[in-house]
Structures are given as C-alpha cells and as structure tokens.
Amino acid sequence: MTAQPPNERLWNDLIIEHWLGNEEPAIVDDDGVVSGQEMLQLAAGASALFDDLGFRPGDPIPALMDETRAAICMVVGGSM
C-alpha cells in the first residue's frame, strides 16, 4: 500500500467530513430515512465487525450487494 500524499484526502475522509453531525437524509429506503450521522454510526459498527472478523486495512472484503441500508452502511464501513 502506498503512502497518502500529505494534501490528498481519501474517499472516507470526504464521507466523514460531509456526513459527521449531518442530520440530512443519507439513505432513503422502504424502511424510512437514515440521516448522515446515523449512517456513519451504522458504518462504524460494520467497520468494527470487519475488524472482529480479522480483516485488516487494505484487505479485500467479499460482499453481495443490494440496495438496503445495511449493505450501503457496510460499504461505507469497509472504507473506514
């Protein structure tokens, strides 16, 4: 894995910067609305799950995707 240039922000930096503390809708599905802040909290839980399963930063994580809030939050969590 290459080092990040000092002034370059990563994808997850941009996601956190935009959604942290943001109560605007980030996900709208059949079950309702998930705010940006809620999405980050769910993504943090997914990230912890991946850690518990032994995935390290940079490891590929196999996934079957659909359009559910859980799947979206797992993608975001996988980037953290």
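How many helices and strands does the protein have? There are three helices and two strands, with helices taken as DSSP runs of H or I of at least four residues, strands as E runs of at least two, and both numbered from the N terminus. The model is a predicted one, so local features need pLDDT of at least 70 and side-chain atom pairs count only at pLDDT 80 or more, while totals for chains, interfaces and linings use all residues. Residues are numbered from 1 along each chain as its sequence is written, and side-chain values use heavy atoms, leaving out hydrogens and water.

Starting at the N terminus, the order of elements is α-β-β-α-α. Along the principal axes, the C-alpha atoms fill a box of roughly 40 × 30 × 20 Å. Of the contacts (heavy atoms within 4.5 Å) between residues at least 6 apart in sequence, 49% join residues at least 24 apart.

On to the strands. β1 (residues 25-29) and β2 (residues 32-35) pair in the antiparallel sense over four bridges; pairing here calls for at least two DSSP bridges between the strands. The two form a hairpin, with two residues between them. Within this pairing, V28 stands opposite V33 in β2.

As for the inside, 25% of the 80 residues are buried, where buried means under 20% relative accessible area, exposed over 50%, and partly exposed in between (1.4 Å probe, protein chains only). The largest nonpolar core has nine residues, namely I15, W19, I27, V34, M39, L40, A43, C73 and V76. Such a core is a set of buried Ala, Val, Leu, Ile, Met, Phe, Trp, Tyr and Cys residues joined through side-chain atoms within 4.5 Å. Two or more of its residues come from each of α1 (11-19), α2 (36-52) and α3 (69-78), and α2 gives the largest share, three residues. In soluble globular proteins, nonpolar side chains tend to be buried together. Leaving aside residues up to four places away in sequence, W19 touches E24, P25, A26, G36, Q37, M39 and L40.

Now the outside. The protein exposes about 5800 Å², 57% of it supplied by carbon and sulfur atoms; areas follow the Shrake-Rupley method with a 1.4 Å probe, and for residues only the protein chains shown count as cover. A nonpolar surface patch is formed by W11, M65 and V75, with about 310 Å² of accessible area together. Patch residues have over 30% relative accessible area and no salt bridge, and nonpolar side chains (Val, Leu, Ile, Met, Phe, Trp, Tyr) are joined within 5 Å, like charges within 9 Å. A salt bridge puts a side-chain nitrogen of Lys or Arg within 4 Å of a carboxyl oxygen of Asp or Glu. W11 sits in helix α1 and counts as partly exposed because its relative accessibility is 46%.
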